[in-house]
Amino acid sequence: MKSIFAARAALLLSAAPILAAADTGGSMASAPSVSAPDYDPAAEYQKGLDALQTHRYADAKKSFLKVYDVASKDPKMNAVLGMSLMGLEDYKGAQKYLERAVRLDGKSIIGHQQLGITYAKLGQRDKAEAELATLKQLQAACGTTCDDAGALTEAISSITGALGQPAAMITGPGELLFASAGEADSAYLEAVSLIHERRYGDAIVSLQKARDVFGAHPDILTYLGFANRKLGHYGLAEDYYRQALTAAPKHRGATEYYGELLVERHDLKGARAMLARLDEICTFGCAEADELRQWIRDGHAPQS
């Protein structure tokens, strides 16, 4: 019988052809490959979340560290790894990852919350109060009716408690950590539809929601690269493509799109390297290789 995650992944992958029908700047670029990754960081991330939710902190740390190289620039990845170390009472270790989480995302509620608790545990009261002040600023901007109102109230309360009660343990806005797979599936499918409509900024928001649950799933990372590339965020797009290929080195979609990005950046040598990789992966040829070959031949997106 297939695992629950395998079923979720199958649902994610079943949506991929939608992008193939979209107008992607005249390229008609194919959707991400459905080939299985050599290593499944998405499944490992889910194991880590399950372990964290059930307070099995050593197991959570082990799983998250396996994934970290793929998603080291993801603020949520740093936050959950930090929380795992907090559970093991390794507060100095937790501090490193939680500080990185808030550097990567200054509005990360869970990052500021857990960092504030960590500072309190380490006796760094001034720093804990600074995190508390940041959360209060976010709360003032949010108001009482925004989506994050409840999470902000809980985060502020937990740091206040940690400052007054050194024994206070990890607390966290559950909806930010443990959203359901169904919600993540819906966010992913919504993102695909938004890409079809060329609403790339909105698609990125939905893809990030899906990534919070499924982690470094190569299809999600590939779409994040695609949407950012369409917005002209080439450096960020390249980073996502690299993450996707770290998660799944033979991922045809990420390889093709990365090659297309290199063509757009006038790096034909790099694009040819991506094409050579595709030709190696696709022993008997594939649409992704044909598409990238035409990009290289034309020196830009092929005309429709």
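Predicted model: local features only at pLDDT ≥ 70, side-chain atom pairs only at ≥ 80, totals over all residues.

Q: What does the secondary structure of the protein chain come to?

A: The protein chain has 17 helices and zero strands. Of its 304 residues, 51% count as buried. As for contacts between residues at least 6 apart in sequence, 61% of them join residues at least 24 apart.

Q: How do I read two helices that pack together?

A: Two packed helices are described by the angle between their axes and the distance between the axes. Take helix H7 (residues 109–121) and helix H9 (residues 149–164): their axes come within 8 Å and cross at roughly 5 degrees. Angles under 35 degrees count as roughly parallel, and H7 and H9 are therefore roughly parallel to each other.

Q: Which residues in H7 and H9 meet?

A: From H7 come Ile 109, His 112, Gln 113, Gly 116, Ile 117 and Ala 120. They meet Ala 151, Leu 152, Glu 154, Ala 155, Ser 158, Ile 159, Ala 162 and Leu 163 in H9. Sorted by class, this contact of H7 with H9 has nine nonpolar, four polar and one charged residues.

Q: Now for aromatic rings. How should I describe a pair?

A: A pair of aromatic rings is described by the distance of the centres and the angle of the planes. A search of the whole structure finds seven aromatic pairs. In one of them, the ring centres of Tyr 68 and Tyr 97 are 5.3 Å apart and the planes lie at 80 degrees, so this pair is edge-to-face. Tyr 68 lies in helix H4 (residues 57–68) and Tyr 97 in helix H6 (residues 91–104), so the pair ties together parts that are 29 residues apart in sequence. Both Tyr 68 and Tyr 97 are buried.

Q: How is the pair of Tyr 241 and Tyr 258 arranged?

A: Tyr 241 and Tyr 258 form a tilted pair, 6.1 Å centre to centre with 35 degrees between the planes. Tyr 241 lies in helix H14 (residues 234–247) and Tyr 258 in helix H15 (residues 252–264), so the pair ties together parts that are 17 residues apart in sequence. Both Tyr 241 and Tyr 258 are buried. They also belong to one aromatic cluster with Tyr 200, Phe 226 and Tyr 257.

Q: What covers the buried residues of H14?

A: The cover includes helix H3 (41–53), helix H12 (200–214), helix H13 (218–230), H15 and helix H16 (268–281). Among the buried residues of H14 are Ala 237, Tyr 240, Tyr 241, Ala 244 and Leu 245. H14 itself has 14 residues and reaches 20 Å from its first C-alpha to its last, close to the 20 Å expected at 1.5 Å a residue.

Q: Is Tyr 45 buried or exposed?

A: Buried means under 20% relative accessible area, so at 1% relative accessibility, Tyr 45 counts as buried. Tyr 45 is found in helix H3. The residues it touches include Phe 64, Val 67, Met 77, Val 80, Arg 211 and Phe 214. Tyr 45 and Ala 60 are 15 residues apart in sequence and 8.6 Å apart in space, C-alpha to C-alpha.

Q: And where does His 55 lie?

A: His 55 lies in the loop between H3 and H4. His 55 has a positive phi of about 65 degrees although it is not a glycine. At 55% relative accessibility, His 55 counts as exposed.

Notes:
Residues numbered from 1 in each chain as written. Heavy atoms only, no water. Phe/Tyr/Trp six-rings, centres within 6.5 Å; stacked < 30°, edge-to-face > 60°. Helix = DSSP H or I, 4+ residues; strand = E, 2+ residues; numbered from the N terminus. Buried < 20%, exposed > 50% of the residue type's maximum accessible area, 1.4 Å probe, protein only. Expected span 1.5 Å × (residues − 1). Contact = heavy atoms within 4.5 Å. Axes fitted to C-alpha atoms, helices over the stretch in contact; angles between N-to-C directions. Parallel < 35°, antiparallel > 145°, perpendicular 65-115°, else oblique. Nonpolar A, V, L, I, M, F, W, Y, C, P; charged D, E, K, R; others polar. Lists of a residue's contacts leave out its neighbours within four places in sequence.
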